[in-house]
Amino acid sequence: MVLESMEHVRARGGTPLAILAGHATTCDPYSVSVTSPRPDALVAAMRMALARSGEAPGSVDYVNAYANGTRTGDAVEGQAIAQVFGSASRAV
């Protein structure tokens with residue numbers, strides 16, 4: 001994946017395949033190495049990214065799940081995605 005400004009895409013005559021419209025980060029003080037068993041920080045980051053983009057959850061085509069491969073981390077991430085995008089969401 002290559003991220004570039006729209007100005008650069010236009011200057012080279014390219015066509016964007018996707019647009020990163022919003023992003024956000026949060027800091028979960030639960031632990032440096034252990035995922036919090038609550039999805040609050042993940043939900044907050046997703047909602048901030050949506051707010052910055054001006055998009056509604058239903059307009060999002062793709063959610064890139066971090067999926068760190070731990071029982072707690074993966075479950076909490078799934079809960080957060082479901083809270084923000086609905087229980088029928090499919091994270092990739």
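Q: How many helices and strands are in the chain?
A: This is a predicted model. The chain has three helices and zero strands. Read from the N terminus, the order is α-α-α.

Q: What pLDDT does the chain average, and which helix has the lowest mean?
A: pLDDT is the predictor's confidence in each residue, from 0 to 100. The chain averages 86, and 93% of the residues score at least 70. Among the elements, helix H3 (residues 71-85) has the lowest mean, 92. Helix H1 (residues 6-11) has the highest, 95.

Q: What does the C-alpha trace span along its principal axes?
A: About 45 × 30 × 20 Å. The accessible surface comes to about 7,100 Å², with 55% of that belonging to carbon and sulfur atoms. Of the 92 residues, 21% count as buried.

Q: What share of the contacts with a separation of 6 or more joins residues 24 or more positions apart?
A: Such pairs account for 61% of those contacts.

Q: How many positive and negative side chains are there?
A: The chain has 7 positive and 8 negative. The centres of the two sets lie 3 Å apart.

Q: How many salt bridges are counted?
A: The cut-off is a side-chain nitrogen of Lys or Arg within 4 Å of a carboxyl oxygen of Asp or Glu. By this rule there are two salt bridges. One joins Arg12 and Glu4, at 2.6 Å from N to O. The other joins Arg38 and Asp40, with the closest N and O atoms 2.8 Å apart.

Q: Is Arg38 buried or exposed?
A: Exposed means over 50% relative accessible area. Arg38 has 53%, so Arg38 is exposed.

How values were computed: Residues are numbered from 1 along each chain as its sequence is written. This is a predicted model: local features need pLDDT of at least 70, side-chain atom pairs count only at pLDDT 80 or more; totals for chains, interfaces and linings use all residues. Side-chain values use heavy atoms; hydrogens and water are left out. Helices (H or I, at least four residues) and strands (E, at least two) are DSSP runs, numbered from the N terminus. Buried means under 20% relative accessible area, exposed over 50%, partly exposed in between (1.4 Å probe, protein chains only). Contact means heavy atoms within 4.5 Å. Accessible areas come from the Shrake-Rupley method with a 1.4 Å probe; for residues, only the protein chains shown count as cover. Lys and Arg count as positive and Asp and Glu as negative; His and the chain ends are not counted. The place of a charge is taken as NZ of Lys, CZ of Arg, CG of Asp or CD of Glu.
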